[in-house]
Amino acid sequence: MEITVRETIKKTVLKHLKEKNGLILGQCLSAVGWVGGTIPELTEKEGVIELSMADVANGGIVVGAGLSNRRPIYVIRYQGFNWFNAPIILNYACKSKELWNVPCPIFIRGIAMEGSIGPVAGSSHCSLYYRMPGVKIISPMTPKEYKLAYKSFMNEDEVYYVSEHRASYGNHKELNDFLSDDVDIIIFSISITRFEAQKVKETLEKENLKIAIANILWIKPFEIKDQWLRTLEKSKHGGIILDDDYESGVASDMAYQLMKLSSKKVEVMGLKNQSAGFSKKSDNLPPNEKEIIKKIREIIKKNVNYKNTL
Amino acid sequence: MNKNFRLEIFKKASLCRNFEERVIENVNNKKITTPVYVSAGQEFIAATLSSICKKKKIKPLIFGQHRCHSTYLAFGGNIIKLIDELLGRESGCTKGKGGSASIHSKDINMFGHDGLMGSNGPIGVGACFATKKPTIIFLGDAAAEEDYVLGALGWASHKKLPILFIVEDNDLSILTKKSVRRNWNMKDVARSFKLEGHDIKDDPKEIEKHSNLFFKKPMLLNINTNRIYWHAGSGIDNKKTFDRFRNEKTKLGNQAIKIDEQYKINIKKLWKLQLEKQ
């Protein structure tokens with residue numbers, strides 16, 4: 001039986017504690033479910049460290065553990081909690097190597113989820129980290145990608161922000177790019193939107209639209225593959241970036257970078273510019289299949305109209 | 001406290017004071033052009049603690065705050081590297097990048113400060129937890145008010161870490177007095193977190209009195225002291241400010257006067273030599 005993302009994370013953490021003298025720290029790690037089944041049921045002596053509810057201080061405590069070269073894994077159960085957890089990580093751990101030649105490697109597991117969970121707990125918030133120097137950001141959605149994230153972290157001495165999504169935990173499949181020189185549009189998708197992108201491709205291809213997919217794993221540094229650019233350049237209607245963070249952060253910056261390197265327009269679709277609440281009515285969810293298809297149709301229509309005016 | 005030990009502490013304090021006097025001089029003559037946070041007036045805290053650690057043969061992890069020249073020097077930091085740091089040179093202890101407020105030295109286990117007041121509180125707690133090494137965290141009375149410092153105190157207590165929080169309490173946040181900012185004190189806060197907590201003067205004898213428990217249990221000493229110069233820069237707020245250094249020198253007499261004279265000459269020479277390299 002194929003292994004899921006959940007099992008991969010759990011095994012990775014276990015290896016980190018048992019074989020690498022590592023630590024895993026966070027709030028309510030041992031509470032019901034052990035963070036969605038991603039943490040081995042071990043004790044403090046074995047490296048599972050329960051922190052208090054003082055979020056800002058906890059970020060600092062993890063930085064201190066990072067300085068000691070225990071390579072802490074830090075669990076932030078909802079990515080929005082980074083508003084409190086990130087300050088000392090970004091201002092100390094991410095600067096330490098550059099300023100003092102003291103690496104402070106930390107593997108931050110920022111976990112996203114969606115659906116009636118309020119203004120802070122929902123979605124990804126990578127953009128908080130993205131704008132600061134000294135941090136790498138990766139968003140693995142498959143078992144292989146998660147293994148790659150951990151392996152890269154262990155081979156380097158950087159701060160890693162690992163943008164997870166709970167909805168990927170059950171996934172056991174790898175997600176492949178679909179690239180070609182003859183497409184209508186290319187979708188660049190991040191985090192949970194990658195699963196939606198697959199559905200969009202299937203639906204639109206039934207309408208004879210050709211859709212390419214580029215799966216964005218490395219957010220910072222943003223790894224732009226030559227093949228992606230080639231597909232974008234040769235596409236009829238350019239590209240669209242899908243994100244489960246607000247549009248004005250990572251996604252817009254990526255679109256700008258892609259447009260600088262090509263002659264095509266790249267649109268952005270992410271969270272709406274509104275606050276989420278605790279009910280279905282006030283959710284602010286990442287773009288779904290229906291919304292993405294609508295947007296793609298609009299892009300194509302706009303582009304065709306524009307070309308007709310030339 | 002015997003006189004020899006007191007003189008040993010005075011030597012370190014004299015090193016720090018004479019260093020800072022030269023810093024002031026070089027700020028005034030514009031040889032130093034970046035902001036400086038001078039620790040003159042507060043030097044007996046670091047001088048006493050470092051002497052106690054030396055006596056106990058303990059080399060602690062040190063998490064200094066922005067006003068940290070005396071911490072660095074008293075614990076054995078290289079003086080030439082500190083001069084170079086303040087002059088913005090690559091040969092400085094932080095490669096000329098940290099300036100006055102981010103002093104760092106692997107040699108003495110001193111970790112640089114990032115400029116976020118009090119961040120060294122939780123960072124030091126984390127380092128102490130992960131290594132179980134004796135750790136000293138220096139905070140100002142204002143930095144100690146940061147919510148994340150309070151969270152860190154609580155967790156250090158819960159984990160019974162071998163840690164010493166030192167609040168260098170000069171009663172001022174820039175120029176705002178403690179009484180304007182709060183109606184509580186750090187000793188009570190520490191005790192409420194079940195830490196060993198005391199409120200004392202920067203008199204070496206008072207500090208030494210508590211040294212038996214250093215690193216045996218988590219402890220906070222709120223040490224009342226005085227800042228001779230401005231928060232940043234070379235001005236003086238109040239000429240009548242009590243000066244522990246002058247007081248100790250008077251009490252210790254001729255031996256201290258001679259020590260101080262010698263440091264004055266030596267440190268002046270060092271600064272002159274380094275400045276000539278510019």
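Which residue of chain B forms a salt bridge with A:E44? The partner is B:K159, and the closest N and O atoms of the pair are 2.6 Å apart. This is a predicted model.

**Interface of chain A and chain B**

- Chain A brings 27 residues to the contact, and chain B brings 25 residues.
- About 2100 Å² is buried between the two chains. Carbon and sulfur atoms give 72% of that area.
- A:I61, A:Y92 and A:W100 stand out on the chain A side: they supply 28% of the area that chain A buries against chain B, more than any other three residues.
- One salt bridge is found across this interface. It joins A:E44 to B:K159.
- Eight residue pairs are in polar contact between chain A and chain B, counting pairs with both residues at pLDDT 80 or more.
- Strand 2 (48–50), helix 3 (55–67) and helix 4 (82–100) of chain A each give two or more residues to the side that touches chain B.
- By class, that side of chain A divides into 16 nonpolar, six polar and five charged residues.

**Domains of chain A**

- Chain A has a domain 1 (5–168) and a domain 2 (185–309). Their C-alpha centres lie 27 Å apart.
- In the contact between them, 32 residues of domain 1 of chain A meet 28 residues of domain 2 of chain A.
- The two domains bury about 2300 Å² between them, with 59% of it on carbon and sulfur atoms.
- Of the area that domain 1 of chain A buries against domain 2 of chain A, 27% comes from A:S116, A:Y130 and A:M141.
- One salt bridge is counted between the domains. A:R194 pairs with A:E145 in a salt bridge, with the closest N and O atoms 2.5 Å apart.
- On the domain 1 side, at least two residues each come from helix 5 (118–121), helix 6 (127–130), strand 5 (135–138), helix 7 (143–155) and strand 6 (159–165) of chain A.
- Strand 5 of chain A gives the largest share of that side, four residues.
- The domain 1 side that touches domain 2 has 16 nonpolar, twelve polar and four charged residues.

**A tryptophan in helix 4 of chain A**

- A:W83 lies in helix 4 of chain A.
- A:W83 is exposed, because its relative accessible area is 57% and the exposed class begins over 50%.
- A:W83 and A:A167 are 84 residues apart in sequence; C-alpha to C-alpha, they are 22 Å apart in space.

**Helix 4 of chain B**

- Helix 4 (residues 79–86) of chain B is mostly covered, with six of its eight residues buried.
- The buried residues are B:I79, B:L82, B:I83, B:D84, B:E85 and B:L86.
- Their cover includes helix 1 (3–28), helix 3 (69–74) and helix 11 (254–276) of chain B.
- At the start of the helix, a side-chain oxygen of B:N78 comes within 2.8 Å of the backbone nitrogen of B:I80.
- Just after the helix, B:G88 takes a positive phi of about 75 degrees.

**Salt bridges in chain B**

- Over all chains, the whole structure holds 35 salt bridges.
- B:K54 forms a salt bridge with B:E8, the closest N and O atoms being 3.9 Å apart.
- B:K54 is in helix 2 (residues 43–55) of chain B and B:E8 is in helix 1 of chain B, so the pair ties together parts 46 residues apart in sequence.
- B:K54 is exposed at 56% relative accessible area, whereas B:E8 counts as partly exposed at 27%.
- B:E43 and B:R17 meet in a salt bridge of 2.7 Å, N to O. B:E43 lies in helix 2 of chain B and B:R17 in helix 1 of chain B, so this pair ties together parts 26 residues apart in sequence.
- Both B:E43 and B:R17 are buried.
- B:R17 also forms a salt bridge with B:D243, with the closest N and O atoms 2.8 Å apart. This pair links distant parts of the chain, 226 residues apart: B:D243 sits in the loop between strand 8 (219–224) and helix 10 (244–252) of chain B.
- B:R17 is buried, with a relative accessible area of 6%. B:D243 counts as buried at 6% relative accessibility.
- A network of salt bridges links B:R17, B:E43, B:D243 and B:R246.

Notes: Residues numbered from 1 in each chain as written. Chains lettered and ligands numbered in written order. Predicted model: local features only at pLDDT ≥ 70, side-chain atom pairs only at ≥ 80, totals over all residues. Heavy atoms only, no water. Domains from an automatic or database assignment. Contact = heavy atoms within 4.5 Å. Buried area = accessible area lost by both parts, 1.4 Å probe. Salt bridge = Lys/Arg side-chain N within 4 Å of Asp/Glu carboxyl O. Nonpolar A, V, L, I, M, F, W, Y, C, P; charged D, E, K, R; others polar. Polar contact = N/O pair within 3.5 Å; in protein donor to acceptor, adjacent residues only side chain to side chain. Buried < 20%, exposed > 50% of the residue type's maximum accessible area, 1.4 Å probe, protein only.
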